[in-house]
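These are my notebook entries on a single protein structure. I set down what I looked up, one topic at a time.

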Amino acid sequence: MSLIREFESINNGLVSAGNTTTANLGISGVFTGSFEDSISYNTITIGLKADVASEVDGLSVEWSDDGITTVQSDVFTIPAGVGKVFTFSPANRYFRIVYTNGTTGQTSFTLQTILKKGGFKPSSHRVSDSITTEDDATLTTSVLKVGTGDPTVFDNVDANHPMPVDIDSIYKTDVDTVNSDIGGFSGVSTDFFDDLFTVSENTTTDN
């Protein structure tokens, strides 16, 4: 039983009452939450929906090291009638939510903030959803490699080593700019793409 209680304790969550509301906001109305100590929690999840759009950067998640002064913030513009979910790992010990409504008074608004001791950062999107610059995201830096034909050699994906699409794809390096029989060809491979009437023929037997 002690192990079960310990597991439940790790995964218990807390609704942040000071950063949760269902009170409608008028034109340019502002909800200002209260700074809450997040030192014991790993994840802060914010779910909200309004029937009208917020002002530009109307959702502000503010961070503070003393619970008094805001030292940094994450801001988002919330569209009308679309439920949004944002998740954060605490950037500073204290946080609060400030939400500023747009130019139309609300008739429906819900904002709830939950603190979790355990968790991860889930996506708030279906695969078919369009992604916008206002969506929550995780920044990932990656280096992609592509096979070269030699099973022991892989190159970074770049202009000279693009990702293969299918067997019918053509790349700049596939164009024989040396042995082309086209009349007036300048020798620059972009000629094949700049002039759609250009036809290239190579009569060499080894091509």
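Which residue in β6 does Glu-62 stand opposite? I found that Glu-62 stands opposite Ser-73 in β6.

**Entry 1: basis.** I note that this is a predicted model, in which local features need pLDDT of at least 70, side-chain atom pairs count only at pLDDT 80 or more, and totals for chains, interfaces and linings use all residues. Residues are numbered from 1 along each chain as its sequence is written, and side-chain values use heavy atoms, with hydrogens and water left out.

**Entry 2: overview.** I counted 2 helices and 11 strands in the protein; these are DSSP runs numbered from the N terminus, helices being H or I with at least four residues and strands E with at least two. From the N terminus on, their order is α-β-β-β-β-β-β-β-β-β-β-β-α. Of the 207 residues, 27% are buried, where buried means under 20% relative accessible area with a 1.4 Å probe, protein chains only. I also looked up contacts (heavy atoms within 4.5 Å): of those with a separation of 6 or more, 67% join residues 24 or more positions apart.

**Entry 3: strand β5.** I looked up β5, residues 54-64, and found 8 of its 11 residues buried, so the strand is largely enclosed by the rest of the structure. Strands count as paired if DSSP finds at least two bridges between them. β5 runs antiparallel to β8 (residues 94-101), joined by 7 bridges, and Ser-54 stands opposite Asn-101 in β8. With β6 (residues 72-76), β5 pairs in the antiparallel sense over 5 bridges.

**Entry 4: an open sheet.** I traced an open sheet of 4 strands in the order β1-β9-β4-β7, with antiparallel pairing. β1 (13-15) and β7 (84-88) stand at the edges with a single partner strand each, so one side of each is left without a neighbour in the sheet. Within this sheet, β4 (residues 43-50) pairs with β7 over 5 bridges, and Gly-47 stands opposite Val-85 in β7.

**Entry 5: the core.** Which residues touch the most other members of the largest nonpolar core? Among its 20 residues, I found these to be Ile-46, Leu-48, Leu-59, Phe-86 and Tyr-99. Such a core is a set of buried Ala, Val, Leu, Ile, Met, Phe, Trp, Tyr and Cys residues joined through side-chain atoms within 4.5 Å. The elements giving two or more residues to this core are β4, β5, β7, β8 and β9 (109-116), and β4 gives the most, with 4 residues.

Definitions and conventions:
Buried < 20%, exposed > 50% of the residue type's maximum accessible area, 1.4 Å probe, protein only.
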